[in-house]
Amino acid sequence: MDSKTLISRLSMESGKSAEEIASAIAAVTATLGAHGATLDAVAIPGFGTFTSTKADERIITTPDGKRTLLPPAITVDFKSSVLLRKPLS
């Protein structure tokens, strides 16, 4: 599902305008990004928890023998809550 489909579907189901939905999604994304950058966890009751982990920079060797430095990276993992998993199983 792409973002336009998500926004239109949420708009239809909630009765709110597409602009309001897009604004709410942007706010959630910005909040997750800001807290993820500082390695904080974000828990949404009844939905799940987003946790951030940082991988240090490292050197890899490519198949042709070149060594490449990979910069540090932050990844975000999601663990759904039990309330969200129950209806899906």
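Which residues form a nonpolar patch on the surface? In this predicted model, Met-1, Leu-6 and Leu-10 do so, with about 290 Å² of accessible area together. Patches join nonpolar side chains (Val, Leu, Ile, Met, Phe, Trp, Tyr) within 5 Å, or like charges within 9 Å, from residues with over 30% relative accessible area and no salt bridge, a salt bridge being a side-chain nitrogen of Lys or Arg within 4 Å of a carboxyl oxygen of Asp or Glu. Areas come from the Shrake-Rupley method with a 1.4 Å probe, and for residues only the protein chains shown count as cover.

Met-1 lies in the segment before helix H1 (3–14), and counts as exposed because its relative accessibility is 67% (exposed is over 50%, buried under 20%, partly exposed in between). Helix H1 has twelve residues and reaches 16 Å from its first C-alpha to its last, close to the 16 Å expected at 1.5 Å a residue, the expected span being 1.5 Å times one less than the number of residues. Just after H1, Gly-15 takes a positive phi of about 80 degrees.

Turning to the whole protein, there are three helices and five strands, taken as DSSP runs (H or I, at least four residues; E, at least two) and numbered from the N terminus. Of the 89 residues, 11% count as buried.

Residues are numbered from 1 along each chain as its sequence is written. Local features need pLDDT of at least 70 and side-chain atom pairs 80 or more, while totals for chains, interfaces and linings use all residues, and side-chain values use heavy atoms, leaving out hydrogens and water.

How values were computed: Buried means under 20% relative accessible area, exposed over 50%, partly exposed in between (1.4 Å probe, protein chains only).
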